[in-house]
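Let's take a walk through a protein structure together, one piece at a time. Have the 3D view open and follow along.

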Amino acid sequence: MTQTASPSRPRSRPSALSPYAVLDLLLRGRAFFALIVIIITFSMLSPRYLTVSNMLIMTNHVAIFALLALGMLLVILSGGIDLSVGSVLALCGVVAGWLLQGVELTAFGVIVYPPVWAVVLMTLGVGALVGAVNGVLVAYLKVPAFVATLGTLYVARGVALLMTNGLTFNNLAGRPEYGNTGFEWLGFYRIWGVPIGVIIMVVVALAATFLLTRTSFGRWLYAAGGNMNAAELSGVPVKRVQVTVYVLSGLCAAIAGLVLSSQLTSAGPTAGNTYELTAIAAVVIGGAALTGGRGTVLGTLLGAFVIGYLSNGLVIIGVSSYWQTVFTGAVIVLSVLLNSIQYGKRASRS
Amino acid sequence: MTVAAAAAPQADTTDEVVMSARNVAKSYGAVHALKGVNFDIHRGQVTTLFGENGAGKSTLMKILSGVIQPSSGEVWLDGRPVQFASTAEAQDHGVSIIHQELSLAPNLNVRDNIFLGREITGPGGIDYAEEERQTRLLMQELEEEIDPRTPVEQLRLGQQQLVEIARALSVNSRVLIMDEPTSALSASEVEVLFRVIRDLTARGVSIVYISHHLEEALRITDHAVVLRDGAMTANAPRAEIDLEWIVRHMVGRNFDLGTPPRGHEISGAALAIRNLTVIDPASGQTLVDDLSLDVATGEIVCLYGLMGAGRTELMECVAGRLTPAAGEVRLHGQPVQDLTIAERIRAGLALVPEDRQRDGLVQTMSVGRNLSLASIVDFTRGFLTSLRAERKIIDATIKSVTVKTDGPQAAITSLSGGNQQKVVIGKMLATDPTVLLLDEPSRGIDVGAKAEVFGLLAEKAKTGLAVLYSTSEVSECLSIAHRILVLRRGRITAEFTHETTKEAIMAASGEAVVE
């Protein structure tokens, strides 16, 4: 059920005013309506909520989760799950920080300071590599996705801790004489007032939409997640699809790691702890099925915004952070409940 | 006395009726699985149900054992009408069923399986000693030395079947329904089972028996009941029947499924299979045994065989899903065994799998996307899929295989079984195959849809498509196929032309030898 716009809908829609149609619309667009309700509620409760600057701050914050969630969406569409994204985010941040401090090559007795673009590329490579390990474990070695990525969750976090001895790289600015300045651009630069992190999120979301709706890979992914056997017998390279989604998820986590450490001007090995759960929550709130084959980029983005705008709103009106956790949990359960209503209804029509 | 015996043969005490179905009917929507069936189960005797796939045997058994409820009609037990809301309730009345697929928990041991759900509890929790003692007694009765603490997964299939029987006996079953109990048993295990059945009947237990192996069933049965298309066509005690009688009533007259297409060229081996052997990696069992066959361009070949004969394994191996242990497959003279499934499809070799829901459809996608799934490469330009080119393929396919649907956007689950099957076939036809394999294309679809599917295949054969389809319904062999190959235990045991009889085909498959 991808949401490709189709000019002619064959099923005659019930008249726009019937209660069924209203309920149906509310159900389908639930993440969107939830977001509207959240924005309206908090703007009434606090005058500071609905301001351009707060919106940008919130969105900049959401971008990190949205990036993770977009990668997670691809994995969940394939019927898998990627628990390692939070750790990969931290590992990639630490790798970037480490590279920016200069790499001492003892064999040559020199310290190499790679330029920022090279740091970014190498960091992305690390994310993709961890993803590839996940993918191979799941697709070829038949390790259940939950277990495989749980393993890499620990390993990636452990490596990040080892690399820094548990400490945090606090200086990512680089030095002009080494030619490696400019890392803060990712976290602080704005184009027409919009933070780079938000722009990256939009670009990744557009790329993911394009991938899912306009390429054969997207079709393969929906088919493999919907019914792996049928996809395989129809000639879909199911294993390759699986490896690819984990690699893409690792890449998204690496991008998020770069943006986050640039925003924080520090790279710590404990960053992104439990972010994988937030990412999964965003995908689920966005209407994707954890069993695979159903879900959209737009839904996932809305899911990430619901979580981000809700917790930010609660902070602004001064609700305790413990209550935020409770509210987020309630939203997740509610949305899964609505998912099962939507998909159950569709199945019962058969 | 002679008068009474002639008027009412069941006056004899051994012929007492314990259970009977009276005018039992069951419909699923518009499909009538059972159309008012009457039959009796006699105390201490074996009543066998004969019938082809889809004749309604399993539906009837499920009604008798409380798995499903009849749409109309009554089930009588000991002279009173009864209604079973569940299998547990049926068991409380002494009616148990042993399913074709065993329902044991493989990880638990024999004792725990037998008392699953009815554990004997004492003050200290489950009384394992007592359960074990009773299990030993049951096993002694069945003359099978199985330790109660053996995990079920370590038992041979025949022994597992005995554990199922022991479980049924442990609830004091008076009526025991066995659905294809011998399908997975070796010859010696069948002997053990038959001995157990005789012991049971001697103790007054009534057995309802279903089997595709007619000869085997004739050895054990006391009464025969034949079903066809949901209605009972014949009913007689053992003394009055023979194999020929059963087959005659089973197959009957059938819906016209067409005749082999003529008047086009049939030549050249489109598909050539040579000495193909497939071995189950889990059990080491040989599923396809040194098998060779050819299908010519424009030819329709039917592969007839019972469940477990190796049809599915043969097809899946040719399509590239299973790796053969030996042998080769050639498509128009080119070997294909090193190709992936996708490459074989592109080379013109396509498979319509047996299990539509498991292997054929992507339930989360629309009708249109299911139809275009196998031919995505055909509407991909560079990196992009062309929605317009896709739409063209979908529309053409919906038309050519006549899918009845609201449109390409409709959910695939909204279609009937027959139309879903047409989508699966259409999906593979959209890849422009030259050889099409269909594994039981008629499974779970009604007669009308069946005729349409066969009509479509006949039409495609005329344009040069080589078709190999498998079936376990003998009436389907004698429809559009130019040649009929009988598969038994992974080997081709006989080859027929269209001018053969159902009896001859069934004899070659090991179902029956008609004198």
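## Two domains in chain B

A quick definition to begin: the bounds of a domain, as used here, come from an automatic or database domain assignment. Keep in mind too that this is a predicted model. In chain B, domain 1 covers 2–251 and domain 2 covers 267–508. Taken over C-alpha atoms, the centres of domain 1 of chain B and domain 2 of chain B are 36 Å apart.

## Chain A as a whole

Start with chain A. Its secondary structure amounts to 14 helices and four strands. Along the principal axes, the C-alpha trace of chain A spans about 75 × 55 × 35 Å.

How does the radius of gyration of chain A fit with a compact globule? For 350 residues, such a globule would be near 20 Å, and chain A comes out at 21 Å, which agrees. Of those 350 residues, 49% count as buried. Now look at contacts in chain A with a separation of 6 or more: residues 24 or more positions apart account for 76% of them.

## Chain B as a whole

Chain B brings 18 helices and 24 strands. Its C-alpha atoms fill a box of roughly 75 × 60 × 45 Å along the principal axes.

The globule check works here as well: with 515 residues, a compact globule would have a radius of gyration near 24 Å, and the 25 Å of chain B agrees. In chain B, 48% of the 515 residues count as buried. For contacts in chain B between residues at least 6 apart in sequence, 69% join residues at least 24 apart.

First up is helix H13 of chain A, residues 297–316. H13(A) is mostly covered, with 17 of its 20 residues buried.

Next, go to helix H4 of chain A, residues 85–100. Its 16 residues reach 22 Å from first C-alpha to last, close to the 22 Å expected. Is H4(A) mostly covered or mostly open? Mostly covered: 15 of its 16 residues are buried. Gly102(A) follows H4(A), and its phi is positive, near 95 degrees. Over in chain B, helix H15 (residues 417–429) has 13 residues that should span 18 Å, which agrees with the 18 Å between its end C-alpha atoms. Twelve of those 13 residues are buried, so H15(B) is largely enclosed by the rest of the structure. Among the buried ones are Val423(B), Val424(B), Ile425(B) and Lys427(B).

## Where the chains meet

How many residues does each chain put into the contact? Chain B gives 31 residues and chain A gives 27. On the side of chain B that touches chain A, helix H11 (341–347), helix H12 (356–360) and strand S20 (384–385) of chain B each supply at least two residues. That side of chain B divides into 17 nonpolar, nine polar and five charged residues.

## A nonpolar core

Here's a handy bit of background: in soluble globular proteins, nonpolar side chains tend to be buried together. The largest nonpolar core in this model has 256 residues. The members that touch the most others are Phe65(A), Leu67(A), Leu68(A), Ala69(A), Leu89(A), Val306(A) and Leu437(B). Both domain 1 (2–251) and domain 2 (267–508) of chain B give residues to this core, so it lies between them.

Zoom in on Phe65(A). Leaving aside its neighbours within four places in sequence, Phe65(A) is in contact with Tyr275(A), Thr278(A), Ala279(A), Ala282(A), Ala304(A), Ile307(A) and Gly308(A).

Asn275(B) isn't a glycine, yet it has a positive phi of about 50 degrees. You'll find Asn275(B) in strand S13 (residues 267–279) of chain B. Why does Asn275(B) count as exposed? The reason is that it has 12 C-beta neighbours inside 10 Å, and a residue with 12 or fewer is exposed.

His332(B) also has a positive phi of about 50 degrees although it is not a glycine. This residue, His332(B), is in the loop between strand S16 (326–331) and strand S17 (334–335) of chain B. With 17 other C-beta atoms within 10 Å, His332(B) is partly exposed.

Note on methods: Residues numbered from 1 in each chain as written. Chains lettered and ligands numbered in written order. Predicted model: local features only at pLDDT ≥ 70, side-chain atom pairs only at ≥ 80, totals over all residues. Rg over C-alpha atoms; globule rule 2.2 N^0.38 Å. Contact = placed C-beta atoms within 7 Å. Nonpolar A, V, L, I, M, F, W, Y, C, P; charged D, E, K, R; others polar. Core = buried A, V, L, I, M, F, W, Y, C linked by C-beta atoms within 7 Å. Expected span 1.5 Å × (residues − 1).
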